[in-house]
Amino acid sequence: MRNAALTLGIIGGIIGMFVGFFTWGYTEFIAWFGEIEDVAEQVDNVALIRAAALGSPLLAIAGGAMARSNARLGGILLLISASGMYYAFSFNAFTMFPIAFAGLGGLLALAAVKPDQTA
């Protein structure tokens with residue numbers, strides 16, 4: 001389970017980085033060129049979006065990397081990452097995989113009470 005949490009966390013973080021790049025770029029583009037009525041409008045809380053764009057993928061990758069050595073802390077970081085992405089970006093076609101991967105990885109890491117069994 002720790003290996004699955006590691007893999008899901010890192011993949012979720014990498015996909016989350018693409019979402020973060022896009023959202024940060026979108027807020028910067030609107031700030032630079034201005035809003036277009038009913039087409040491209042600035043988000044309500046730019047600081048929240050930018051913090052989640054940087055922090056959530058970072059927490060997912062760090063949590064996934066920690067899942068093997070410290071499953072509890074890694075799982076907590078993965079769940080915080082999934083919660084941050086859900087709160088900032090909501091659940092849609094672009095965020096469903098990073099949120100699901102980080103969330104499932106967090107649950108698997110927390111459920112890993114003993115080291116992985118090798119077959």
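Student: How do you know that Phe29 and Phe33 are about one turn of the helix apart?

Tutor: Both lie in helix H1 of this predicted model. Four residues separate Phe29 from Phe33, and that is about one turn of the helix.

Student: What makes Phe29 and Phe33 an aromatic pair?

Tutor: The centres must lie within 6.5 Å. For Phe29 and Phe33 the centre-to-centre value is 4.8 Å. The pair therefore qualifies.

Student: Why is the pair of Phe29 and Phe33 called tilted?

Tutor: Stacked needs planes under 30 degrees apart, and edge-to-face needs over 60. The planes of Phe29 and Phe33 make 50°.

Student: Why does Phe29 count as partly exposed, and why does Phe33 count as exposed?

Tutor: Buried is under 20% and exposed is over 50%. Phe29 has 43% relative accessibility, so Phe29 falls in between and is partly exposed. Phe33 has 59%, so Phe33 is exposed.

Student: How many aromatic pairs are there by this rule?

Tutor: The count is five. One of them is Phe18 with Phe21.

Student: Why is the pair of Phe18 and Phe21 called edge-to-face?

Tutor: Their planes stand at 80°. Edge-to-face means over 60 degrees, so the label follows. The centres are 6.5 Å apart.

Student: Where do Phe18 and Phe21 sit, and are they buried or exposed?

Tutor: They are in helix H1, residues 2-33. Being three residues apart there, they are separated by about one helical turn. Phe18 and Phe21 are both exposed.

Student: What makes Glu28 and Arg50 a salt bridge?

Tutor: A side-chain nitrogen of Arg must be within 4 Å of a carboxyl oxygen of Glu. The closest N and O atoms of Glu28 and Arg50 are 2.8 Å apart. So the pair meets the rule. The count of salt bridges comes to one.

Student: Which parts does the pair of Glu28 and Arg50 tie together?

Tutor: Glu28 lies in helix H1 and Arg50 in helix H2, so the pair ties together parts 22 residues apart in sequence. Glu28 has a relative accessible area of 35% and is partly exposed.

Student: Which residues gather in the patch of negative charge on the surface?

Tutor: The patch is made of Glu35, Glu37, Asp38 and Glu41. Glu37 is in the loop between H1 and helix H2 (46-66).

Student: Why does Glu37 count as exposed?

Tutor: Glu37 has 63% relative accessibility. The cut-off is over 50%, so Glu37 is exposed.

Conventions: Residues numbered from 1 in each chain as written. Predicted model: local features only at pLDDT ≥ 70, side-chain atom pairs only at ≥ 80, totals over all residues. Heavy atoms only, no water. Phe/Tyr/Trp six-rings, centres within 6.5 Å; stacked < 30°, edge-to-face > 60°. Helix = DSSP H or I, 4+ residues; strand = E, 2+ residues; numbered from the N terminus. Buried < 20%, exposed > 50% of the residue type's maximum accessible area, 1.4 Å probe, protein only. Patch = residues over 30% accessible without salt bridge, like charges linked within 9 Å, V, L, I, M, F, W, Y side chains within 5 Å. Areas by Shrake-Rupley, 256 points an atom, 1.4 Å probe, with all protein chains shown as cover. Lys, Arg positive; Asp, Glu negative; His and termini not counted. Charge placed at Lys NZ, Arg CZ, Asp CG, Glu CD.
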